[in-house]
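Thank you all for coming; I would like to walk through one model today, element by element. Please keep the sequence and the structure open while I talk.

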2 protein chains.
Amino acid sequence: MKTNKALVVFQPSGRRGRVPKGISIVEASRRLGVDIEAPCGEKQVCGKCKIRIEQGIFQKLGLESRWKNAGPWQAGEETYISSDEKEKGYRMGCVATVEGDLLVFVPEAARAGKQVVSKAPRPLDITLNPAVKQYSVHVEPPSLEDPAGLVERLCAALEDTHGLTSLSMDLDVLRTLQETLEKGDWQAVVSVWMDREIILVQPAENTTIFGMAIDIGTTTVAAYLCDLISGNVIDTLSMMNPQVKYGEDVVSRISFHMENRDGLQRMSTDLMDGLNSLVRRACSKEYSRPGPDNRSEPEQAFRVQPCEIVDVSIAGNTAMHHILLQLDPAPLGVIPFTPAVHHSLDIKARDLGLKVNPAAHVFTLPIEAGFVGGDNVGVILAEEPHCQDAVQLIIDIGTNGELVLGNRERLISSSCATGPALEGAQIEFGMRAAPGAIERVVIDPETVDVDYKVIGRDAWKSYSSPDDMQAKGICGSGILDAVTQLFIAGIVEKSGAFSKTLASERFRIRQETGMKEFVLAWAPETGIDKDIVITQQDIRHIQLAKASIYTGCKLMMRKLGVEHVDRVKIAGAFGSHVDCKLALVMGMFPDCAIDKVSSVGNAAGDGCRIALLNREKRLEADRIARHVEYMELTLESDFQMQLMEAIHLPHMRDRFDHLQDILQA
Amino acid sequence: MKTNKALVVFQPSGRRGRVPKGISIVEASRRLGVDIEAPCGEKQVCGKCKIRIEQGIFQKLGLESRWKNAGPWQAGEETYISSDEKEKGYRMGCVATVEGDLLVFVPEAARAGKQVVSKAPRPLDITLNPAVKQYSVHVEPPSLEDPAGLVERLCAALEDTHGLTSLSMDLDVLRTLQETLEKGDWQAVVSVWMDREIILVQPAENTTIFGMAIDIGTTTVAAYLCDLISGNVIDTLSMMNPQVKYGEDVVSRISFHMENRDGLQRMSTDLMDGLNSLVRRACSKEYSRPGPDNRSEPEQAFRVQPCEIVDVSIAGNTAMHHILLQLDPAPLGVIPFTPAVHHSLDIKARDLGLKVNPAAHVFTLPIEAGFVGGDNVGVILAEEPHCQDAVQLIIDIGTNGELVLGNRERLISSSCATGPALEGAQIEFGMRAAPGAIERVVIDPETVDVDYKVIGRDAWKSYSSPDDMQAKGICGSGILDAVTQLFIAGIVEKSGAFSKTLASERFRIRQETGMKEFVLAWAPETGIDKDIVITQQDIRHIQLAKASIYTGCKLMMRKLGVEHVDRVKIAGAFGSHVDCKLALVMGMFPDCAIDKVSSVGNAAGDGCRIALLNREKRLEADRIARHVEYMELTLESDFQMQLMEAIHLPHMRDRFDHLQDILQA
């Protein structure tokens with residue numbers, strides 16, 4: 001029978017379905033919810049989406065899968081697929097198409113990871129002044145003598161008891177008002193947004209309300225569930241940004257939108273579905289809090305209802321902000337990089353499709369410019385460089401690098417195209433900071449032997465049997481470690497090139513590409529059944545990343561007219577894992593006393609939480625966004641020259657001595 | 001095969017479908033969208049829902065229909081179904097149930113009419129000051145030197161050119177802003193709601209915006225489509241309130257809600273679907289307006305897009321208001337008749353599901369009390385008794401009767417339970433003021449012969465052949481005419497009873513019920529194949545209706561402390577058809593100089609239009625709603641006594657002389 005659809009089954013997940021013939025296997029995986037990694041946005045330049053076509057008649061699955069059903073072999077596939085792999089049925093998922101029924105095996109390396117390291121909140125001293133506040137009132141039951149409407153009665157009570165005037169009420173609240181007031185015997189607890197709108201009325205005395213601060217990164221989404229009465233963080237939830245399957249970085253997302261008519265809609269819907277899954281996760285858990293008398297009472301268990309989440313703050317870079325709100329992100333990708341809006345917005349949760357209390361407002365932090373968004377405003381809210389005399393340099397390294405420099409007098413921000421190398425993308429065996437990622441590397445300069453540690457396992461390789469390591473790849477901090485260690489061990493030269501003289505079985509040239517590589521982990525130590533290596537290309541990516549951050553800092557310092565900075569703070573996921581000292585000595589940023597360099601974790605998320613819990617800080621956020629001067633680095637005439645100068649490993653001689661001292665300390 | 005569903009086919013519409021066994025045929029008709037009349041709300045007291053079960057095997061329809069498939073004959077059906085009719089398969093649709101496959105014929109009398117007389121707008125002198133105003137601006141295209149967001153650029157232009165500040169923007173507008181600005185080459189026309197929120201941005205100079213004023217009556221819905229630039233009424237659209245199938249009056253609707261878990265949802269959805277069909281109708285028409293130069297240019301054709309309808313005002317009685325907004329109407333039916341809210345509301349069209357511009361606000365007129373709603377506020381806005389010295393009495397007779405009495409010093413409103421008799425319900429052959437309804441009656445006192453006129457046909461019966469009349473029933477004004485004429489002709493006595501002495505073939509006693517009736521139209525003159533009669537019961541209903549209006553007026557005058565009124569205005573659909581003189585002499589309201597009695601048409605709709613076109617009047621509406629004193633007539637100790645006194649036909653002797661004078665004039 002001839003039809004226009006074919007059955008595709010993905011293993012090991014077992015997800016299956018009929019898809020239109022002619023679409024790529026990566027596209028089929030998206031439609032069936034399997035999520036093959038395609039960091040390059042199907043540009044056929046990353047080779048991450050390598051999958052295997054299984055041959056045979058699979059009765060149980062009801063299909064006959066043949067290699068030819070995946071379309072003809074394409075020029076370019078051999079760049080990523082060896083002749084040996086080709087023999088076994090490997091194809092690139094973005095090139096191979098569905099031409100007939102297929103059984104597709106997705107190797108672990110190509111699976112979009114679901115598990116991410118959570119971004120723990122830092123203890124912050126936030127003055128509690130949330131946008132949504134609770135007011136307890138007694139409402140007079142109606143009578144023939146006083147037949148005023150329920151809204152008028154409630155508002156009169158709020159005015160008499162709490163001095164609130166000119167309140168409006170959300171329609172959803174109005175719809176259940178009668179029932180709620182009767183249920184509580186005309187005693188009610190009213191949640192009012194910005195002293196303006198009634199968004200929730202609860203019947204009992206013992207009521208709770210919650211807020212959620214959501215930091216939407218290009219790669220990772222972190223959400224902090226907070227008690228709006230105490231200000232405490234109840235839970236931290238995180239997930240991969242579901243848009244990762246459309247491309248690893250901001251630029252590939254924008255491209256996906258421009259190349260697909262429904263691209264924006266799909267990315268936005270996927271993200272919103274993801275946020276809703278976070279809300280569901282929060283509402284399915286059982287939490288506990290101290291009893292009324294902190295000491296003697298046992299902890300009380302409680303759950304959170306979606307309707308009790310009455311406030312949400314969201315911080316994200318400009319592209320994430322635009323995609324979430326379904327604002328055309330295309331202008332962000334072309335000069336003059338104009339965003340649709342700079343100001344913070346208050347949007348009804350129901351209008352966004354966020355399944356918290358539908359009457360809640362979602363506050364989106366304002367954005368600074370096309371490449372510096374609400375996440376950076378969050379960083380400034382949390383670190384407060386604008387309130388201090390000391391000149392601070394804050395480097396937020398996520399999928400994009402964002403820089404802030406200055407003090408109370410002047411603040412400059414910029415975005416530097418680090419590329420996602422520091423998050424493990426563009427690196428042959430790069431991966432995110434997830435279980436199985438090599439995060440620490442030490443290389444013995446004498447023997448050139450490698451010791452390493454993976455996320456999720458405390459014991460280093462030298463204290464483990466090879467089987468136990470199950471390494472899957474290298475994350476950003478591991479790559480920086482590796483490059484530094486290769487450099488110290490003399491395997492990599494100042495220029496970043498592999499030493500020509502090294503003789504070690506770990507150092508080799510790959511036949512297919514002629515490229516030099518160094519083996520960090522042998523196949524038996526891995527969970528992916530192949531050697532994990534770091535290639536010459538990988539080192540080049542890291543060099544470029546660190547050089548662009550360094551150059552950005554230098555150009556900003558020149559603009560601000562300062563020779564040195566008083567403090568350096570490294571924020572973001574990379575910052576949490578990286579050794580600040582290593583970053584300093586590798587020349588990732590200008591010189592600074594080592595005790596003035598610190599990691600500040602997810603400062604963007606912290607700032608988002610601050611905005612959630614203190615409404616004054618929302619006004620401050622808008623002031624900050626207006627006040628910060630955005631600097632477009634690439635428009636500086638000597639940008640390229642500066643970048644080239646910064647590309648060498650430690651690019652100043654004195655750095656190298658510094659390095660020896662520090663590492664021997 | 002035994003299943004829990006049965007096939008039901010309705011003729012002549014041909015609508016069919018499978019419905020659960022055991023539900024009533026009226027319920028089945030609702031589910032299949034056939035809409036059998038059930039004015040009493042299936043209380044089995046009106047007999048309107050009489051249908052016929054067809055017997056036989058209907059191959060083409062795929063069913064075998066038997067009388068027994070409609071369940072056993074029930075006690076009470078014989079009240080409305082003669083033994084002859086029973087023989088032919090007639091049943092009451094609210095009693096007969098679906099027990100097997102059925103072919104159901106719905107006689108014309110039982111079909112909920114779709115055709116209603118439109119409520120033409122009166123020419124009003126309204127100061128144009130709408131809530132939504134247009135502003136034309138040039139927006140500076142973004143540049144690297146000035147990279148401000150699009151919203152910020154637009155707002156800056158609006159501030160510079162028009163002095164507007166602190167504007168917000170609807171998310172939907174934001175989503176298309178880039179595209180719109182580029183399309184118009186950075187020249188834009190911006191629609192701003194209440195100088196607060198940007199709800200539409202259009203690219204060209206030559207742009208139009210519209211508003212819709214909607215008067216939601218219990219029976220009829222009228223919508224005025226207005227040009228917001230000129231203030232002109234472009235079109236008047238009307239329809240039956242789709243909720244009529246759930247019950248004819250407010251009380252049956254409230255009952256339907258209380259007896260059905262999803263009753264409120266269903267009534268609200270049906271109404272909103274109906275409003276959306278009005279919007280679609282308006283947007284499917286081609287309108288025309290004068291060319292740029294009024295005289296020489298030909299008229300320009302134009303169409304209205306849903307997104308160009310940027311403002312909506314809605315007036316309705318309290319129950320309609322609550323049902324529309326899905327607010328629990330149950331409390332309106334019990335002491336102390338408390339509404340959920342009195343104030344006017346501004347609700348986003350998208351939140352209501354109204355398919356105009358989703359960013360538009362729907363303004364609902366404030367309500368006065370549980371039984372006097374925004375329609376009455378509209379009447380006051382239009383007639384302005386609160387701005388005058390003269391004491392006005394305004395009687396708005398729709399399905400409910402609403403009364404306003406007073407002047408600038410004091411205003412009282414009340415609601416009187418006229419019952420729907422004056423709209424033709426509860427009357428054996430009553431129907432709405434729709435084509436085929438007898439609207440005028442003259443009876444020759446000598447011969448007792450009847451002449452009449454039907455809506456939709458200019459020639460009276462005496463100038464037509466019987467075949468041409470096709471009378472279907474009697475509408476409110478026809479009933480009042482008939483009763484008056486019967487009284488003048490001596491056929492009906494002062495007490496309302498039929499004269500015992502009359503000998504005429506038109507006067508007879510119905511065998512089944514023993515009730516006296518008078519034939520207005522013989523079967524051959526009708527479109528329903530039976531004599532149209534007026535019964536003793538019908539006369540009682542009319543007496544009760546006019547007595548309750550009269551009593552209401554009297555009690556209100558006593559409260560206000562006035563002996564007589566300076567003006568009487570009759571509003572509403574009944575008011576448009578009725579002869580004001582007849583109403584006066586029949587004692588429907590207290591005495592007043594006949595030249596001071598006038599009909600003012602759909603004043604509620606006019607007031608709604610005023611609120612649409614003048615935002616100051618919205619504030620005035622809220623002031624009026626607070627200012628008017630609602631009087632609950634039934635709580636007056638002598639209400640019943642007064643009502644009994646008013647029940648006689650012209651209850652004062654001098655009235656009768658009056659009558660003779662007037663009718664002979």
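Predicted model: local features only at pLDDT ≥ 70, side-chain atom pairs only at ≥ 80, totals over all residues.

In helix H5 of chain B, the buried residues are B:Val250, B:Ser252, B:Arg253, B:Ile254, B:Ser255, B:Phe256 and B:His257, where buried stands for under 20% relative accessible area, exposed for over 50% and partly exposed for what lies in between, with a 1.4 Å probe and protein chains only. H5(B) covers residues 250–259 and is mostly covered, with seven of its ten residues buried; helices here are DSSP runs of H or I with at least four residues, strands are runs of E with at least two, and both are numbered from the N terminus. Those buried residues pack against helix H1 (25–31), helix H6 (263–284) and helix H7 (318–324) of chain B, contact being defined as heavy atoms within 4.5 Å.

Residues are numbered from 1 along each chain as its sequence is written, chains are lettered from A and ligands numbered from 1 in the order in which they are written, and side-chain values use heavy atoms, with hydrogens and water left out.

As for confidence, the predictor gives the complex an ipTM of 0.79 and a pTM of 0.80. Chain A has a mean pLDDT of 87, with 92% of its residues at 70 or more, pLDDT being the predictor's confidence in each residue on a scale from 0 to 100. Over residues 113–118 of chain A, however, the pLDDT is below 50, and this stretch has 15 contacts in the model beyond near neighbours in sequence.

Staying with chain B, is B:Ser548 buried or exposed? This residue, which is found in helix H12 (residues 536–560) of chain B, counts as buried because its relative accessibility is 5%. Leaving aside neighbours within four places in sequence, B:Ser548 is in contact with B:Cys416, B:Ala417, B:Thr418 and B:Leu643.

Let me turn to the strands of chain A. Strand E29 (residues 567–571) of chain A has four of its five residues buried, so the strand is largely enclosed by the rest of the structure. E29(A) pairs in the parallel sense with strand E20 (residues 392–397) of chain A over five bridges, pairing requiring that DSSP finds at least two bridges between the strands. The bridge partner of A:Gln392 in E29(A) is A:Arg567. Strand E30 (residues 597–601) of chain A also runs parallel to E29(A), joined to it by four bridges, and there A:Lys569 stands opposite A:Ser598 of E30(A).

Another part of chain A holds an open sheet of six strands with mixed pairing, in the order E14-E13-E12-E17-E19-E18. Strand E14 (233–240) and strand E18 (345–348) of chain A stand at the edges with a single partner strand each, so one side of each is left without a neighbour in the sheet. Neighbouring strands of this sheet are turned by 20° against each other on average, direction ignored, with axes taken as lines fitted to C-alpha atoms, for helices over the stretch in contact, and angles running from 0 to 180 degrees between N-to-C directions. Strand E13 (residues 220–227) of chain A pairs with E14(A) in the antiparallel sense over seven bridges, and A:Thr220 stands opposite A:Met240 in E14(A).
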